[in-house]
Amino acid sequence: MDTKMKRYLVGRLVQTVIVLFSILTITFVLFEMLPARPYDLLMQSPLMKPSQKEYMIRLYGFDKPVLDRYFIYMKNMLTFKFGNSISQGRPVWDLLSARIPRTLTLFGLSVIVSYVVGAVVGSIIAWRRGGVADGTAVVSSLVFYNMPSFWIGLIFLFVFSFKLGWFPLTAWPQEVPYSLLDVAHHTFLPMITLVLLSLAGTILLMRTSMLEVIGEDYILTAVAKGLKERTVLFRHAARNATLPLATSFVIAFAFAMGGAVVLEQVFSFPGVGLLYIRSLSQLDFPVAQATLYILTLMVLAGNLIADILYAYLDPRVRLE
Amino acid sequence: MEEKSQMAEYEEAEPPRSFSHLAQEDDGTTSVFSWKRTFARHKKQVLAGWKIYRKSRIGMAGMIIMLSFVFMAVFAPFLTPYDPDFIAPAEDVFNADYISIPIPEDAAGGMAAESWSVPMGSSGSTEALDTITVYSREGHAVQFSVDLIAAEGGGVGIDIPSSESYDIPVGIDVMLPVLFKNEMFFAIGNEALHELSYDTFTTSRATELGFEPTYYSNLWNRWSLTNTEGQLFFAMANETILSIYSRTPDTSMGMSTVKVFFDKVNISSYAETADDVIIADPIIINLADEENGSMVVVPTDGGVAAFELNISYSGGLFNTTDNVGLGDMIWYISYEDIGDQYSRDVEPALEQPIAISKENPSEKEGKNRIIFASRDGYLYSIFRSNGTLEWSTTIASTQIRSPETMGIYPTYRGVIIVTGMTEPGVGFITIVDPENGLIEGGGTWIFTPDSAVIGRPEYVASIPAYIFASQEGTIYILEETMELRATFSIPGGTETTTSYVGNIVNNIGSYQGNYFAVVTSDGKLYAQSITGTYVAPLPPGTYPSGNTYHLGTDVFGHDILTNLLYATRTELVIGIVAAVLSAVLGTIVGIMAGYYGGWIDSVLMRLTDIFLTLPMLVVALLFAAVLGPSILNIIIIIAIFSWAGVARVIRAQTLTLKTRCFIDAAKVSGASDTTIIFRHLAPNVLPLTFLYMVFIVSAAIITEAILAFLGMGDQTAVTWGMMLQYLKISGNTLTAPWWLLPPGIAITMFSLSFYMMGRAFDEVINPRLRSR
């Protein structure tokens, strides 16, 4: 790896850390601004004496000044010390440990599948611009792209689970020793919904990008040289057209994460997003803060990976 | 380097937008600014753009769909079959018996015009509904006789064959809903307590009270609410006087006579309550055979006071030769004392600030605490025996925001009902556990009616369900888990704020039909069974009332077509306002960053990075939890999370424009930064701003829907997202496709129309995208 590349990656890493700090700060301020505190939740136990309540307030650090709390919060988040859930009385890690891989799979797999499939479909339909396949793909992508994620989830649930009975209504196996097949059967619907939603955007973007590349002279040259259509399409055009696709990862990750959170809610998929929404309404600060942090980390990590990928794909980044 | 790559990134992700072909003639030639010329140039640009736009099939289709949505929004009142707040009548949504009968005009005085109070029912010897009575302060009572008939579907129906009018004492305020098998019931008025016979409404006994009670307590009865054989007593109060009235069968003479006793105290004669005023109903707690067991608890404007009840017992029954009198004050706890511990200002809830945790007076269990509600949503449990604080809690959460508690009621199940208003003006009803004040069901047993609940809720054990009436005149029948079982508006009653509800048959597990009755604003008695089947959401079709619901109804009985069309208005406002806000913000940030460069550029672009990178929806949910659900806040949230993309593109565009000759020319001719930004840069990036605005409208609608679906929507507004949210929370997702499909299709079409317009417009300002 040459120094330019290293410098690029270090720069990216520094930027990611800055963004992470800013997001943590923003969320800290927002949590401070919430209409009620878990403080009030602590007071609700009838068995707790006032002295014990004060102890609990001290334990969770609500007696300290805001600035002190901020530093403690940052320290806890960065060292992954999430403490205990207020509403469930269990360590937050207990709740998270099983959920993180699930959400990561749902989110990661749908991004990867949609990008691979999207790039291929996008380049083929752009190559055969104006054909039936192009029209169908564009129209259906447009429609999917503009559908609210939860609604398409509900429709799929209605059609495939309720009417046709192909898939179970719950997105996770109920019996405790479950096989991988069980899990796949249960999670297929949320997965395919998220893939379709992300796919639509990718196809549209890839098609636009391809159309520009196809107009370049070197494509004309390649065709004039008598190369096979296939070779021109995938070797010359699609390769170059994937560059803008890689840059759109930033938006795509945030989009897919939003989709994952919503679909977890729709399909009762026991992931981080579902936990986040529930803890937010229960004012369970430690869980809400931890889940939000984990979700943010997933998106930022995704972006970082995309950056590295981009640097490999586009030599200009390394050479400049 | 890093900076540059990012710029390149974005220019490639969104292909470079050059529109020099439209404005070429100006390059390098314009040195003096002229409005006329600018106008002419823009007109030319727009016309040229339109010519290109017109060729785009996608763009034209999008525009047609968009225009039809605008048409729907503007002409919604003419296109919809019903009013926006229309609710399907009970005969359509509820398979149950109902009856509506005018209150007869009396020959003596126009009785129908009088203001009637809560209808009361009474059961006859068969425990079935026998009569319904309404009365007025003007001294009239009308008794409707009720016949039970077989209703459709095998249920029990009622028929009202006749009615009888009676004169009662004038000025009667409260008729205690206590009646004894067609024997007698109580009425308060003219500083006297009347025992009225049920047959003829004549006063069989009147006790002078010496004050006019405005509050009265729960009734304690040795046997049950329908038995006159047992001993009974209850408390009454006005601002300063607390009194007790007891009525005991006296068997000492060998025959059945009735012994009545009345006692009162003035609370201002006690040091603790010398300056206090009673503000709500007193509560009787009677625990036979228990030390320090029987007391009257009364809330005042200064605190809560408990007075001893002097009852002597022998063998589990209280001694009928003794009277029930009021003793000394047992304890008093001021609001300062209650609030001290957490240094809060305690202000009591207005109408009903205290409750005991069991309603049935003959049960001992659960009566060791009194629960007090403050107006700002806190609950405090006070030990009955000594008035000290047991626990305190708040019902405020992200679902109940800034609650204004209005009432707290005990239930037969032992749980406590808390009602009130929340910030956006909707009501709330919730069930809390008296042991710790936590909302039951893990914080989920909450129902939000359209407005605040009036009066006390009725509990029907045989269903089981609670009945509530809201200020806007809607009746809600809720499951014990606060899930909606049925709802309907009172026919003809929504014109006035009054909606009196009375549960006709005795409500402790009656086996014959349970009815509620109201006097409607057009002077009719309306009685409706609540033991029927609620059939809403209704599939599309025509129903008994003659109404046709083209797209069916939702669970509340709202016509879906009507809601769908009216929602277009809200959606247009949300989409366009949010888009304009974020496009303007993004353009300003973009031009500033691009034009000034240097540290301004760095700071603004770092900020833009943060907003582009953060998982929007996840943070937006937290934002929504902080700001609270309202249309304005949703618009603000969408704008906050959409400007960054615009800023990026505008900055890149500004950077290319900056190097062009006409900017140099303007600089040389001495134009200020402001002039350059607003007269030279802004008009040139405007097409791009507009393009992004169109895309943001499309995204805003989807974001609004998602926020609504996740419970962060505005309950007071009709939007497509809220329609789907209600579908989810009412649990009809898998059973009501006529309700599931239209809002989703509307969201998709609306979003799609703007997106397609955006794509076509993109082709106009970006010639490389056009077909070659």
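The model is predicted, so to speak of local features a pLDDT of at least 70 is needed, side-chain atom pairs count only at pLDDT 80 or more, and totals for chains, interfaces and linings use all residues. Residues are numbered from 1 along each chain as written, chains are lettered from A and ligands numbered from 1 in written order, and side-chain values use heavy atoms, without hydrogens and water.

**Helix H6 of chain A**
- H6(A) covers residues 132-145 and reaches 20 Å from first to last C-alpha; helices are DSSP runs (H or I, at least four residues) and strands are E runs of at least two, numbered from the N terminus.
- Its buried residues (under 20% relative accessible area, 1.4 Å probe, protein chains only) are A:Asp134, A:Ala137, A:Val138, A:Ser141 and A:Leu142.
- They cover an arc of only 130° around the axis (taken from the directions from the axis to the C-beta atoms), which puts them on the same side of H6(A).

**Strand S23 of chain B**
- S23(B) is joined to S24(B) by 5 bridges, running antiparallel, and B:Phe372 stands opposite B:Tyr380.
- In the hairpin of these two strands, B:Gly377 takes a positive phi near 90°.

**An open sheet in chain B**
- The antiparallel order is S30-S31-S32-S33, where strands pair if DSSP finds at least two bridges between them.
- S30 (453-460) and S33 (484-489) are at the edges with a single partner strand each, so one side of each lacks a neighbour in the sheet.

How values were computed. Expected span 1.5 Å × (residues − 1). Buried < 20%, exposed > 50% of the residue type's maximum accessible area, 1.4 Å probe, protein only.
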